[in-house]
Amino acid sequence: MEGSSGQLASWLPTVSIPIIIFLISVTYSTWFSECKPSGNRHTEKTEFDASNIRVSKLLIHPIKSCKGTSVEEARYTLEGFEYDRKWCIINASDNSVVTARKFAKMVLIHPRIVRDPSSRNGGHLEVSFPEDSGCEAFSVPLNLREDELSQMQRVEVTLWGKKDIEGYICKPFDGRPPSTILSQYFGYPVHLVIKGPLPRRCPPTPRFPDLNTPSYFQDGFPLLIVSHESLVAVQDKVRQMIGEQGVEKVWEQQELVIERFRPNIVIKGGSPFVEDNITELAITSDEEPANGASAIHLVSKCTRCLLPNVDIATGIRDSAVPYKAMMKFRKGLDPVRDSLPCFGCNGIFTGEGVMRVGDWVHVRQTGFV
């Protein structure tokens with residue numbers, strides 16, 4: 001046996017190298033064909049009709065996880081839409097951000113931007129509650145000067161385990177403090193905070209490892225873009241699952257609304273999940289592409305939790321819809337969190353400007369986000 005092993009060792013390196021190379025190439029080809037997005041589970045499609053895609057809805061969410069507002073136009077900067085997620089509610093015990101993932105009835109709190117050019121603060125943020133809550137509406141300044149910030153309590157806000165966001169506890173124009181009113185609504189001590197001037201940087205992504213873009217209190221990135229056709233595809237999947245995995249019969253008639261997914265930009269006119277295949281775009285009022293327009297880079301898929309299961313009209317979380325439907329055909333698209341379903345794509349702005357409903361979407365680069 002020792003002799004046989006020695007003879008084998010003498011010719012093995014010469015013969016095995018080509019075999020090993022062949023096996024590696026076959027294995028890699030098989031792996032790539034299995035991992036490459038295709039079919040109805042994945043949506044890689046580098047060629048598609050982008051000639052008639054337009055902005056169908058713009059949404060701003062002034063306070064993170066609270067009710068959003070549909071607007072006809074929105075000004076944007078590198079940090080996102082003006083006033084989008086500029087405020088958030090934090091747990092007074094540890095300064096961590098509270099979201100509708102844990103307190104679903106946050107979606108019933110209605111923040112409304114009231115502009116007033118004659119005011120030194122440019123207007124105010126008016127916050128109201130459901131009538132049966134027993135909580136009165138309050139208002140806080142829309143913008144704060146440096147001297148006003150210096151008189152407010154500064155806190156380090158924790159989001160996703162990182163304590164790296166500068167915030168200031170809001171004061172009202174008059175009446176009870178926002179913290180007191182919100183604590184009554186939540187049933188435990190919380191604060192309303194406004195984002196401070198110190199930049200908060202977006203996390204890197206596989207496509208953008210050196211990403212250096214600022215943001216407010218968004219989960220990670222300044223904007224979220226989805227398509228109307230993607231919503232229809234999820235709705236169709238829900239219809240197919242009636243009676244399965246807790247999908248109730250009510251969904252035969254009930255419609256999903258895009259506001260459950262809390263996007264900033266909704267586009268219409270392309271194929272389902274067209275946003276998965278656009279890496280750079282521009283949005284302008286002109287039908288013809290404008291070379292000078294600011295670009296939007298789509299930097300990652302948006303992985304989803306159970307928050308879209310919350311009915312924005314009632315604050316009640318559905319046990320299945322749309323999460324279980326998305327798990328059927330939208331799972332495994334994000335390389336970092338492949339156990340979660342994806343809907344929509346996160347993006348960054350490269351400049352400043354104004355966007356309007358009806359604007360044209362110009363696709364500059366395609367690829368799998």
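Visitor: Which residues of helix 3 are buried?
Guide: This is a predicted model, and buried here means under 20% relative accessible area. In helix 3, that label goes to P178, S179, I181, L182, S183, Y185 and F186.

Visitor: Is helix 3 (residues 178-186) largely enclosed or largely open?
Guide: Helix 3 has nine residues, and seven of them are buried. The rest of the structure therefore surrounds most of this helix. The answer is largely enclosed.

Visitor: How many salt bridges does a search of the whole structure find?
Guide: The pairing needs a Lys or Arg side-chain nitrogen within 4 Å of an Asp or Glu carboxyl oxygen. Searching the whole structure on that basis gives 17.

Visitor: How many residues apart in sequence are R120 and E148?
Guide: These two form a salt bridge, with the closest N and O atoms 3.6 Å apart. R120 sits in the loop between strand 6 (110-115) and strand 7 (123-128), while E148 belongs to helix 2 (residues 146-149), so the pair ties together separate parts of the chain. The separation is 28 residues.

Visitor: What is the relative accessibility of E252?
Guide: E252 forms a salt bridge with K249, with closest N and O atoms 3.1 Å apart. K249 counts as exposed, at 60%. E252 counts as partly exposed, at 35%.

Visitor: Where does R330 lie?
Guide: R330 meets D276 in a salt bridge of 2.9 Å, N to O. The pair links distant parts of the chain, 54 residues apart. D276 is in the loop between strand 15 (265-268) and strand 16 (278-284). R330 is in the loop between helix 5 (323-329) and strand 18 (342-349).

Visitor: Are D276 and R330 buried or exposed?
Guide: Both side chains take part in the 2.9 Å salt bridge. Both residues are buried.

Visitor: Which residues do salt bridges with shared partners join into one network?
Guide: R120 and E148 are already a pair. Shared partners extend the set. The network joins R120, R145, D147 and E148.

Note on methods. Residues numbered from 1 in each chain as written. Predicted model: local features only at pLDDT ≥ 70, side-chain atom pairs only at ≥ 80, totals over all residues. Heavy atoms only, no water. Helix = DSSP H or I, 4+ residues; strand = E, 2+ residues; numbered from the N terminus. Buried < 20%, exposed > 50% of the residue type's maximum accessible area, 1.4 Å probe, protein only.
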